[in-house]
Structures are given as C-alpha cells and as structure tokens.
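These are my notebook entries on a two-chain model, written down in the order in which I looked things up.

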Amino acid sequence: MFKHILIPTDGSRLALKGVKAGARLARAIGARVTAVYVVPPYVPPMYGEGAIYVPGYSVRHYKEQGARVARKALAAVSAAARAAGVKCATRVVYDRPAWDGILRAARGGRCDAIVIASHGRGAIGGALLGSETQRVLAHSKIPVLVIR
Amino acid sequence: MPTDGSRLAERGVRAGVRFAAALGARVSGVYVLQAIPARGASYAGVPAREWARRFEAAARKALAVIEIEAELARVPCTTAVVRNARPWKGILAAAHRRGCDAIVIASHGRSGLGGLLLGSETANVLSHSRIPVLVAR
C-alpha cells in the first residue's frame with residue numbers, strides 16, 4: 001500500500017487532528033511520514049509606486065520568524081510520529097499558494113499519499129472544506145485522505 | 001466504498017480494497033440508485049418496470065466488481081443498493097447506517113468534467129462527511 005505519506009500542517013489545532021490520524025495510519029500500514037509546513041514568501045507591502053520598509057523588519061527577519069513558526073508546527077508532527085513509532089522527516093517549503101507548496105513537497109519527496117485535515121487556520125464553518133484542502137484535492141495526482 | 005459503475009469509480013474501488021487489505025479492514029460496497037421510474041409509466045417505449053430492472057442490473061454489476069476485487073484480496077465484503085435521489089446523501093446515509101469509519105471514493109465518477117476538478121458527488125461527500133474520506137485518483 002502506501003510507503004511514504006505526506007502530512008501538511010499549518011500549526012492549527014484542526015491540522016493537528018489530521019497529523020494524528022496520519023501518524024496512526026502510517027503505523028498501521030508501515031509507511032514513513034514526511035511533514036511539511038509551507039511558508040508564503042515575503043512580499044514587501046506596496047503602496048502606489050514604492051515599497052515600504054519598516055526598520056527592523058526585513059526579509060531576513062520574516063524568514064527567521066517563518067522558520068520559527070514552521071519548526072514549532074513540525075515539532076508537533078514529529079512528536080505525534082514518535083508517539084506512534086513512525087519514521088518522520090520534516091520539511092519547510094517557501095511557496096505561495098500553500099496547496100502548491102504541499103503538492104511540490106509531495107512530488108519532491110516521492111510521496112504516494114497525502115493525509116490532510118479538512119480545515120486549517122482559515123476555517124469558516126463545519127460544512128465546507130478548507131480552501132487549501134480543496135485545492136490539494138483538486139490538483140493532487142496521488143490519493144488524498146481528508147480527516148474531519 | 002461507493003461506486004457508480006464507471007471506470008473511474010472502479011479505480012477507486014481497487015484502491016479501496018488494497019487499502020482495506022493493508023489495514024485489515026472490511027469493506028461495504030454501495031451503489032446509489034437515483035431514478036426510480038413511476039410505476040406503470042413508460043419511457044422511450046420501454047415500460048417502467050423494465051427500466052427499473054435495467055437500473056438494478058447495472059447496480060448489481062457495479063457491485064459485483066467490488067465483490068470480486070474484495071474476494072481476490074481476501075477482504076470481507078458486503079454490498080448494498082441504496083435508493084436516494086442524491087447520490088452523496090445515499091452514500092453518507094449508508095456509511096452511517098453500517099457504522100463505517102472511513103470512505104474511499106474516486107475523485108470522479110460518471111459525470112467527471114476533466115482532470116482538474118473534483119466530481120460533484122465526491123465534493124459533496126467530502127464536505128458533509130463526518131468520517132475520514134480517501135479520495136483515490
């Protein structure tokens with residue numbers, strides 16, 4: 001069956017649900033796991049003809065902050081994988097939109113399945129699918145397990 | 001595991017059976033019959049009873065594919081024909097009634113509109129399901 005499962009996270013509580021389910025599934029079928037966090041690349045705020053640079057807030061600063069948030073979110077996945085006794089690698093991808101980064105990570109890691117929560121941070125309600133999850137589903141070439 | 005008898009749905013079925021085999025799960029196949037011709041009427045010169053018979057034959061044929069795949073993989077399997085005007089509602093009701101803990105469904109069925117979008121029934125199953133859904137492509 002699946003040998004290598006990609007688990008995207010945005011660090012939200014809902015995403016963690018997908019993470020736990022993904023780790024359990026990986027254990028049940030003997031797969032390894034790659035966790036991915038997608039950081040949107042820095043875009044300087046543009047007003048009219050020029051960019052505004054705030055002193056003390058630079059691209060480097062943004063990247064560091066993004067990496068810190070990503071590490072924290074990915075640590076939760078590593079912990080869940082360790083608890084389930086599953087081999088787990090982590091990756092930070094700088095890409096926008098997030099779904100594209102997720103699918104790129106899946107291709108790059110030669111994953112054969114994606115386990116994703118139905119919603120992440122941007123959830124509106126219980127009845128709909130999260131926007132990134134929807135796009136992952138629409139564009140993925142490999143099976144996607146949606147956890148609710 | 002819902003099917004509509006299409007080739008794409010069959011692909012989902014094969015993925016679902018492999019998945020179940022790997023997990024040691026059992027599977028339920030379900031086919032949702034949409035249109036039940038009114039009794040006594042006749043469409044295109046064919047009496048309604050004959051239509052109903054044809055629809056049911058198509059349903060059983062689609063479910064037989066699931067039974068065969070499951071038997072080949074040695075996965076315990078039951079199948080059922082469900083009647084509902086909306087396939088996704090029938091699918092979710094069947095999952096609920098049978099106490100399923102996951103749904104495996106193809107990304108498209110009979111009315112798929114190309115590779116980029118999700119099938120409409122699959123999209124509806126995804127947005128209304130309370131249990132995990134594996135979308136096979």
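This is a predicted model: local features need pLDDT of at least 70, side-chain atom pairs count only at pLDDT 80 or more; totals for chains, interfaces and linings use all residues.

**Entry 1: the helix pair in chain B.** I then took the geometry: α1(B) packs against α2(B), which spans residues 48-72, at an angle of about 30°, and the two axes are 10 Å apart. Because angles under 35 degrees count as roughly parallel, I noted α1(B) as roughly parallel to α2(B). The crossing in which α1(B) passes α2(B) is right-handed.

Entry 2: I next asked which strands of chain B α1 lies across. Helix α1, residues 7-23 of chain B, lies across β5 and β6 (133-136) of that chain, and it runs at about 150° to β5(B).

**Entry 3: where the chains touch.** I looked up the contact between the chains and found 20 residues of chain B in contact with 19 residues of chain A. On the chain B side, α1, α4 (120-128) and β6 each supply at least two residues, and α1(B) gives the most, with five residues. By class, I wrote down 14 nonpolar, three polar and three charged residues for the side of chain B that touches chain A.

Entry 4: I traced seven strands in an open sheet of mixed pairing, and their order is β5(A)-β2(A)-β1(A)-β6(A)-β7(A)-β6(B)-β5(B). The edges are β5 (88-94) of chain A and β5 (103-106) of chain B, each of which pairs on one side only. From one strand to the next, the twist averages 25°.
Where the sheet passes from chain to chain, β7(A), residues 144-147, is joined to β6(B) by three bridges, and these two strands run antiparallel. In that pairing I found V146(A) standing opposite V133(B).
Within chain A, β2 (residues 32-39) is joined to β5(A) by seven bridges, and here the strands run parallel. V38(A) stands opposite V93(A) in β5(A). I also noted helix α2(A), residues 59-84, which lies across β1 (4-8), β2 and β5 of chain A and runs at about 160° to β2(A).

**Entry 5: backbone details in chain A.** I looked at two loops. In the loop between β5 and α3 (98-108) of chain A lies P97(A), and the peptide bond that joins R96(A) to P97(A) is cis, with omega about -5°. In the loop between α3 and β6 (113-117) of chain A I found R110(A), which has a positive phi of about 50° although it is not a glycine.

**Entry 6: confidence.** Chain B has a mean pLDDT of 89, with 91% of its residues at 70 or more. Among the elements of chain B, β1(B), residues 27-33, has the highest mean pLDDT at 96, while β2(B), residues 42-43, has the lowest at 75.

Note on methods: Residues are numbered from 1 along each chain as its sequence is written. Chains are lettered from A and ligands numbered from 1 in the order in which they are written. Two strands pair if DSSP finds at least two bridges between them. Helices (H or I, at least four residues) and strands (E, at least two) are DSSP runs, numbered from the N terminus. Axes are lines fitted to C-alpha atoms, for helices over the stretch in contact, and angles run from 0 to 180 degrees between N-to-C directions. Two residues are in contact if their C-beta atoms, placed from the backbone, lie within 7 Å. pLDDT is the predictor's confidence in each residue, from 0 to 100. Ala, Val, Leu, Ile, Met, Phe, Trp, Tyr, Cys and Pro count as nonpolar, Asp, Glu, Lys and Arg as charged, and the others, Gly among them, as polar. Angles under 35 degrees count as roughly parallel, over 145 as roughly antiparallel, 65 to 115 as roughly perpendicular and the rest as oblique. A crossing is left-handed if the near helix is turned anticlockwise from the far one by less than a right angle, and right-handed if clockwise.
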